[in-house]
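I opened my notebook to look up a few things in this fold. Here are my entries, in the order I made them.

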Amino acid sequence: DAEAIRSILSRAPVVPVIVLDEVEKARPLAEALVAGGLPVLEVTLRTPNAFAVIEEMKKVDGAIVGSGTARTGEHLKRSADLGCEFVVSPGAPPRLLEAAEHASVPLLPGIGTPTEAMQAAEFGYSFLKFFPAEALGGAPVLKAFASPLPDITFCPTGGISAANAEAYLSLKNVICVGGSWVMPADAIAAGDFDQVRALASEAAKLKR
Ligand code: 3PG
């Protein structure tokens with residue numbers, strides 16, 4: 001429900017969006033992100049081992065693990081069964097929102113337009129992902145949403161980095177941002193989790 005999502009998204013200004021297939025890197029990566037001050041972890045269901053990555057990350061003290069890229073009721077159910085604390089979707093198709101009404105895990109659906117936001121609001125959602133944020137026009141678009149859609153709060157994701165995160169976080173209708181910039185692919189490949197921790201710690205200091 002909305003309160004569960006609000007409480008999770010309030011934990012840190014940035015939600016790392018994780019695309020990882022190497023299960024052995026899941027724990028050190030989650031440890032680095034949590035130690036850096038980013039405890040809310042979105043693990044995308046885009047790799048064959050995503051569910052195993054979620055199971056490993058859940059073992060890390062302080063980690064609040066959810067799934068991302070959820071598109072179906074089956075994704076919701078498997079995420080809930082694994083103990084995910086939240087689920088994120090790139091979109092908000094009615095069948096997914098209907099499935100979420102019966103799921104035991106809260107959903108953060110994605111939208112890109114006012115109509116989609118209004119459709120999700122009809123299902124009771126007041127927290128939505130704005131995706132893909134930069135490609136859709138970035139912070140000025142969300143700023144323009146605030147006045148006609150004052151009761152909806154967003155987590156923008158897609159193309160966000162240390163350079164533009166503050167433009168979003170300064171908006172009153174943004175609770176946090178999502179992004180992968182704290183986990184550069186070369187750092188993950190090299191197992192350089194100190195670099196991840198340093199980037200997470202910078203991101204955790206961003207003001208909202
Ligand atoms: C995604 O779903 O890939 C997220 O939006 C992350 O986007 P980013 O890699 O551009 O931060």
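**Entry: α2 and α3.** I began with the packing of α2 against helix α3, residues 50–57, and found an angle of about 55 degrees with the axes 8 Å apart. This is a predicted model, so I read each value as a property of the prediction. The crossing of α2 past α3 is right-handed. Who meets whom? I listed A26, R27 and A30 on the α2 side, and V53, E56 and M57 on the α3 side. Sorted by class, this contact holds four nonpolar and two charged residues, with no polar ones.

**Entry: α2 and α10.** Next I followed α2 (residues 26–35) to helix α10 (residues 193–204), where the two pack at an angle of about 30 degrees and their axes are 7 Å apart. Because angles under 35 degrees count as roughly parallel, I wrote down α2 and α10 as roughly parallel. Their crossing is right-handed. From α2, I found P28, L29, A32, L33 and A35 in the contact, and from α10 F193, V196, R197 and A200.

**Entry: a sheet of three strands.** I then turned to an open sheet, whose strands come in the order β6-β7-β8 with parallel pairing. Which strands are at the edges? They are β6 (110–111) and β8 (153–156), and each of them pairs on one side only. I looked at how β6 is held to β7 (residues 127–130): two bridges join them, and the two strands run parallel. Within this pair, I saw G110 opposite K129 of β7.

**Entry: two backbone details.** Where is the cis peptide bond? I found it joining F131 and P132, with omega at about -10 degrees. P132 itself sits in the loop between β7 and α7 (139–146). My other note is on T69, whose phi is near 60 degrees, a positive value in a residue other than glycine. I placed T69 in the loop that lies between β3 (64–68) and α4 (73–82).

**Entry: around the ligand.** Last, I checked what surrounds the ligand, and wrote down V17, F131, T157, G158, G159, I160, G178, G179, S180 and W181. I was pleased to meet F131 again here, having noted this residue at the cis peptide bond with P132. How do the residues of this shell divide by class? I have six polar, four nonpolar and no charged residues.

Terms used
Residues are numbered from 1 along each chain as its sequence is written. This is a predicted model: local features need pLDDT of at least 70, side-chain atom pairs count only at pLDDT 80 or more; totals for chains, interfaces and linings use all residues. A residue is near a molecule or strand if its C-beta atom, placed from the backbone, lies within 6 Å of it. Ala, Val, Leu, Ile, Met, Phe, Trp, Tyr, Cys and Pro count as nonpolar, Asp, Glu, Lys and Arg as charged, and the others, Gly among them, as polar. Two strands pair if DSSP finds at least two bridges between them. Helices (H or I, at least four residues) and strands (E, at least two) are DSSP runs, numbered from the N terminus. Axes are lines fitted to C-alpha atoms, for helices over the stretch in contact, and angles run from 0 to 180 degrees between N-to-C directions. Angles under 35 degrees count as roughly parallel, over 145 as roughly antiparallel, 65 to 115 as roughly perpendicular and the rest as oblique. A crossing is left-handed if the near helix is turned anticlockwise from the far one by less than a right angle, and right-handed if clockwise. Two residues are in contact if their C-beta atoms, placed from the backbone, lie within 7 Å.
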